[in-house]
Amino acid sequence: METINLFGASGHAKVVMDIVQASGRNVGCLYDDAPHCDSIHGITVFKADDVEVEGPMVISIGSNRVRKLISERYTMPSPTVVHPSAIVSPTAKIGEGTVVMHGAIIQSDANIGRHCIINTGATVDHECVIGDYVHISPNASLCGNVHVDEGVHIGAGVTIIPNIHIGAWATVGAGAVVISDIPAGCVAVGVPAKIIKNEQ
């Protein structure tokens, strides 16, 4: 049985641990730069500076920017982890280190990047293209052919209509309905979604 270590020892790690175990694999140990506890659910937490960080490893950290930094720091294999209750089309592609959580749906010809989070109950429809380090929060719905660039955070319960483009490192606030493109670095909220900040 494959053993997977995790980098990150917080609440998000607890969910990833459940998914690793539900997918028939073992959690070896947890690493963290600043651990707040000695163990989680019986799995030892090591301070990353004090030990050699080993893989295969999944980055169990919610922050998109921090996941990117950790993935650039370490070069060990990073498997994809999919909860058994998720529905993933056989024609979808999912990059290394991506975690697909309980009840998520990924449809035909969707292409998901590396180190993404497809959170609980999120749906990614046909031909969507999701860049690296994206977080699609619980119950968000991306209709067909949506393009989401690197580092974007899609909030809980967001709806994005077909053929929309979300630029790199943008944020879409919870519950928003996106009916037009959102440029890189912008924050958009509301129904319909309106840009309230440009962080570029």
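Ile154 touches His135, Ile136, Ser137, Ala140, Ile160 and Val172, leaving aside residues up to four places away in sequence. The model is a predicted one.

**Ile154 and strand β18**
- Strand β18 spans residues 153-154 and includes Ile154.
- Ile154 has a relative accessible area of 0% and is therefore buried, the cut-off for buried being under 20%.
- Between the C-alpha atoms of Ile154 and Ile118 the distance in space is 9.9 Å, although the two residues are 36 apart in sequence.

**Helix α2**
- Helix α2 covers residues 64-73, and Asn64, Arg67, Ile70 and Ser71 in this helix are buried.
- Viewed down the axis of α2, the buried residues lie within an arc of 125°, so they line one face of the helix.
- Leu69 and Glu72 are exposed on the other side of α2.
- The strands against which the buried residues of α2 pack are β1, β5 (57-59), β12 (117-118), β15 (135-136) and β18. Ile154 lies in β18, one of these strands.

**Strand β2 and its partners**
- Strand β2 (residues 26-32) is mostly covered, as five of its seven residues are buried.
- Strand β1 (residues 3-7) runs parallel to β2, and four bridges join the two.
- Within this pairing, Ile4 has Val27 in β2 as its bridge partner.
- From β1 the chain passes through helix α1 (residues 11-22) to reach β2, forming a right-handed β-α-β crossover.
- β2 also pairs with strand β4 (residues 43-47), in the parallel sense and over three bridges.
- Leu30 stands opposite Val45 of β4.
- In a regular strand, side chains alternate between the two faces of the sheet.

- Two bridges connect β20 with strand β17 (residues 147-148), which pair in the parallel sense.
- His147 is placed opposite His165 in β20.

Technical notes: Residues are numbered from 1 along each chain as its sequence is written. This is a predicted model: local features need pLDDT of at least 70, side-chain atom pairs count only at pLDDT 80 or more; totals for chains, interfaces and linings use all residues. Side-chain values use heavy atoms; hydrogens and water are left out. Buried means under 20% relative accessible area, exposed over 50%, partly exposed in between (1.4 Å probe, protein chains only). Contact means heavy atoms within 4.5 Å. Two strands pair if DSSP finds at least two bridges between them. A crossover is right-handed if, with the strands pointing away from the viewer, the path from the first strand over the helix to the second runs clockwise. The arc is that of the directions from the helix axis to the C-beta atoms.
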